[in-house]
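Me: I have a structure open and have not looked at it before. Can we walk through it piece by piece?

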Amino acid sequence: MEYITKGIILDKKEKGEDSEFIIFTEDLGKIYGQAVSARKITSKLASHLEPASFSQLRLIKKSFKDDFKIADALSEARKTDAETIKILEFANQMTPLLQPDQSLFAFLKEIIKNKSLVYSQRTIYDQRPTYGQRTTSGQEAICGWQKKILKILGFDPNEAACDFCSSRDIAYFSSQDIMFLCRLCQKKSGLPEEKLLSL
Ligand SMILES: [Zn+2]
């Protein structure tokens, strides 16, 4: 089978001579894709498969149990600031294999392709001129990406409560345990802050 799809390169691992890529594709959801000898051939392909790229892909899968082989890739955009990398890491942690999600794909695509989006720690701003309301700084706050992604994935922080004490004043999300925590219960639980997503 051959698949033509767009994809966002979430991660890359070297496996001997070969490289394995974790790609969130538009049509297939998250997949593992092999590029044979991507390092050896100072390959045309490799430069289009750098993490945080948005690329057009041609994938081949010979049989059900085979991995996807990346036959072709053409990068359209790439964004490698620290905040984008964090967003892609979190998307990777939160997505199962082979489960397409058009909303998440559209959100990640916008992050990588729209150069006017800038980040502060918890908020994404759009610097494009708008005709409606603006903040005093002239930037429009879109949202905190953490809450936005959680909402897209069906864990709406506005509806959530702390898993321990049911407080609505949530401060963290654990992607490992899929649970929300308030500030107090995070301290009591001893879960290290750096392993949690701060909301
Ligand atoms: Zn609590």
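Me: How many residues sit between β1 and β2 in their hairpin?
Reply: This is a predicted model. In it, β1 and β2 form a hairpin with 2 residues between them. Gly16, in the turn, has a positive phi of about 65°.

Me: And how many bridges hold those two strands together?
Reply: β1 and β2 pair over 8 bridges, in the antiparallel sense. One of the pairs is Lys15, whose bridge partner in β2 is Asp18.

Me: What do strands pair through, in general?
Reply: Backbone hydrogen bonds link the strands of a sheet, which can be parallel or antiparallel.

Me: Back up a bit. How many helices and strands are there in the protein chain?
Reply: The protein chain has 5 helices and 11 strands. It has 199 residues, and 25% of them are buried. Of the contacts with a separation of 6 or more, 46% are between residues 24 or more positions apart.

Me: Which strands close into a barrel, and in what order?
Reply: There are 5 strands in the barrel, and the order is β1-β2-β3-β5-β4. The pairing is mixed. From one strand to the next, the twist averages 45°.

Me: Then β3 and β5: parallel or antiparallel?
Reply: Those two run parallel, joined by 2 bridges. β5 spans residues 68–78. Gly33 stands opposite Phe68 in β5.

Me: How many bridges are there between β4 and β5?
Reply: β4 and β5 pair over 8 bridges and are antiparallel. Leu57 faces Ala73 of β5 there, the two standing opposite each other.

Me: Which residues of α2 are buried?
Reply: Ile87, Leu88 and Ala91. They cover an arc of only 95° around the axis, so they are on the same side of α2.

Me: Why would residues a few places apart point the same way?
Reply: An α-helix has 3.6 residues a turn, so residues three or four places apart point the same way.

Me: What do the buried residues of α2 pack against?
Reply: They pack against β1 (2–15), β2 (18–25), α3 (102–113) and α4 (145–152). The face of α2 turned away from its buried side carries Ala82 and Gln93, which are exposed.

Me: You mentioned α3. Which of its residues are buried?
Reply: The buried residues of α3 are Leu104, Phe105, Leu108, Ile111 and Ile112. Their arc around the axis is only 125°, which puts them on the same side of α3. Gln102, Ser103 and Ala106 are exposed on the other side of α3.

Me: How far does α3 reach?
Reply: α3 has 12 residues and reaches 16 Å from its first C-alpha to its last, close to the 16 Å expected at 1.5 Å a residue.

Me: Where does Lys115 lie?
Reply: Lys115 is in the loop between α3 and β6 (117–119).

Me: Is that residue buried or exposed?
Reply: Lys115 counts as exposed because it has 10 C-beta neighbours inside 10 Å, and the cut-off for exposed is 12 or fewer. Between Lys115 and Arg78 the C-alpha to C-alpha distance is 9.8 Å, and they are 37 residues apart in sequence.

Me: Change of topic. Which strands form the open sheet?
Reply: It has 3 strands in the order β10-β9-β11, with antiparallel pairing. β10 (179–182) and β11 (197–198) are the edge strands, and each pairs on one side only.

Me: How many bridges join β9 to β10?
Reply: There are 4 bridges between β10 and β9, which covers residues 170–174. Phe173 has Phe180 in β10 as its bridge partner.

Conventions
Residues numbered from 1 in each chain as written. Predicted model: local features only at pLDDT ≥ 70, side-chain atom pairs only at ≥ 80, totals over all residues. Buried ≥ 20, exposed ≤ 12 C-beta atoms within 10 Å, placed from the backbone. Contact = placed C-beta atoms within 7 Å. Pairing = 2+ DSSP bridges. Arc of directions from axis to C-beta. Axes fitted to C-alpha atoms, helices over the stretch in contact; angles between N-to-C directions. Expected span 1.5 Å × (residues − 1).
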